[in-house]
Amino acid sequence: MRSAADDADVIVVGAGPAGAASAHYLAAAGLEVLLLEKATFPRDKICGDGLTPRAVAELVRMGVPMRAEDGWIRNRGLRVIGGGHTIHLPWPEIERYPSYGLAKARTDLDSTLAFHARSSGAKLMEGVNVSGPILDDRTGRVIGVKARKVDENGRRVDAEPLTFRAPVVIGADGVSARMATALGLAKKDERPMGVAVRTYFRTPRHDDEWMESHLELWDGEPGKSQLLPGYGWIFALGNGLANVGLGSVSSTAKATQLDYKSLFAAWMRNAPPEWEFTAENQEGPVRGAALPMAFNRQPLYTRGLMLVGDSGGMVSPFNGEGIAYGLQAGRIAADVIAQARARTSDAARERTLATYPDRMRADLGGYFTLGRAFVKLIENPQVMRVCTRYGLPRPTLMKIVLKLLSDCYDTKGGDVTDRVITALTKAVPRA
């Protein structure tokens with residue numbers, strides 16, 4: 001329970017989607033929340049900027065306005081290109097998600113969500129760089145954070161350190177997971193890790209109603225040159241720009257030795273001229289980021305610290321998406337904390353807080369386990385080539401693949417493909 005020395009009921013470190021969702025739901029439940037962000041909005045984040053229907057459903061739960069005039073662009077589904085085939089896979093019509101996705105640049109998305117949390121009652125503090133936790137001398141429990149004020153370039157603006165105290169801290173500090181590593185929570189090397197690079201282009205494709213995925217990238221004419229080890233995407237943003245990037249994934253945390261920027265340059269050299277993916281039309285540099293996957297840092301709760309989003313490895317091994325799971329984790333974390341506050345003893349509160357990892361595994365553990373198997377399969381170039389060439393032309397198979405890739409399947413019935421996927425997620429370990 002909060003003491004007289006505490007500054008809030010909960011401190012949330014990091015105001016990305018996971019942190020903003022946590023703060024929104026906590027404030028909506030009547031708790032006092034400090035949302036600490038080291039940057040100053042608007043700020044960029046390396047991402048594809050695409051939101052699947054699962055992520056859209058989370059935004060709807062939060063009550064986030066998603067008007068077209070505010071820069072949100074809808075998409076109908078996924079266009080997949082590879083093995084000489086081009087197929088269009090509309091988002092499935094299922095009960096729990098809308099049948100459309102969205103795209104919005106992270107410079108706009110993250111500020112929108114952080115300000116939404118603030119309007120819900122959370123206290124947002126920008127330019128506050130959290131350096132680590134404050135631990136109770138006797139129990140080792142996290143009871144707050146140490147921080148410093150920084151400017152928009154990350155430079156200190158005040159020599160005096162800051163401290164903030166609360167009985168529960170949420171680590172939403174991204175792939176660096178500074179809060180978790182301070183407690184000795186190392187990433188699991190046997191879990192998959194992705195890497196992605198992206199930039200923006202002014203292009204006639206800016207209003208494409210399909211998210212596009214290229215399963216084969218060539219350094220010359222397709223089929224007559226070297227196949228590059230990655231997959232590419234083009235996500236229209238509707239504002240004259242498209243997010244263009246490529247990524248690769250490994251079944252372990254061992255870093256690949258790929259030169260991603262060179263791979264990207266090779267892809268761009270062979271892009272059709274009508275796309276206008278040229279240096280003159282490029283907006284911003286090619287930037288990269290790691291994608292921690294499949295709960296690669298555990299436990300998700302320990303000693304007063306809860307992990308949400310990338311800090312807990314909540315990126316899908318199937319498609320590299322993390323926003324939907326970060327939003328979901330923020331919602332569940334806030335519910336667990338609110339329930340814990342209603343308990344009447346320290347022991348009961350702690351037991352309730354400890355249910356957070358179980359709830360996350362119950363929802364996502366089986367799906368992430370399937371994703372780990374999927375990554376081991378596709379990281380073999382020969383297997384990927386066969387799957388692309390012979391799998392894409394089969395509509396029934398691709399319908400299942402889309403539902404798996406997007407995590408958009410009906411868990412309460414649906415058609416045969418929904419029931420098969422649901423059964424598989426329940427049959428495998430939820431680790």
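**Bridges, rings and buried residues**

Reader: What makes E350 and R141 a salt bridge?

Author: Their closest N and O atoms are 2.8 Å apart. A salt bridge is a side-chain nitrogen of Lys or Arg within 4 Å of a carboxyl oxygen of Asp or Glu, so the pair qualifies. This is a predicted model, where local features need pLDDT of at least 70, side-chain atom pairs count only at pLDDT 80 or more, and totals for chains, interfaces and linings use all residues. Residues are numbered from 1 along each chain as its sequence is written, and side-chain values use heavy atoms, with hydrogens and water left out.

Reader: Where in the chain are E350 and R141?

Author: E350 is in helix α7 (residues 346-353), and R141 is in the loop between β9 (128-135) and β10 (142-149). The two are 209 residues apart, so the pair links distant parts of the chain. Helices (H or I, at least four residues) and strands (E, at least two) are DSSP runs, numbered from the N terminus.

Reader: Why is E350 called partly exposed?

Author: Its relative accessibility is 27%. Buried means under 20% relative accessible area, exposed over 50%, and partly exposed in between (1.4 Å probe, protein chains only). R141, at 22%, is partly exposed too.

Reader: How many salt bridges are there by this rule?

Author: The count comes to 25. One of them joins D9 and R341, with the closest N and O atoms 3.6 Å apart. D9 lies in the segment before β1 (10-13) and R341 in helix α6, so this pair ties together parts 332 residues apart in sequence.

Reader: Is D9 buried or exposed?

Author: Buried, because its relative accessibility is 7%. R341 has 34%, so R341 counts as partly exposed.

Reader: What makes R67 and E69 a salt bridge?

Author: The closest N and O atoms are 3.9 Å apart. That passes the salt-bridge rule. E69 has a relative accessible area of 66%, so E69 is exposed. R67, at 42%, is partly exposed.

Reader: Why is the pair of F318 and Y367 called tilted?

Author: Rings of Phe, Tyr and Trp (its six-membered ring) pair if their centres lie within 6.5 Å; planes under 30 degrees apart count as stacked, over 60 as edge-to-face and the rest as tilted. Here the centres are 4.9 Å apart and the planes are at 35 degrees, so the pair is tilted. F318 lies in the loop between β21 (305-307) and α6 (323-341) and Y367 in helix α8 (residues 356-378), so the pair ties together parts 49 residues apart in sequence.

Reader: How do you know that F318 and Y367 are buried?

Author: F318 has a relative accessible area of 8%. Y367 is at 2%. Each counts as buried.

Reader: What makes Y367 and Y409 a tilted pair?

Author: Their ring centres are 6.5 Å apart and their planes are at 35 degrees, so the pair is tilted. Y409 is in the loop between α10 (395-406) and α11 (416-427). Y409 is buried, as is Y367.

Reader: Which residues form one aromatic cluster?

Author: They are F295, F318, Y325, Y367, F368, F374 and Y409. The structure holds 13 aromatic pairs.
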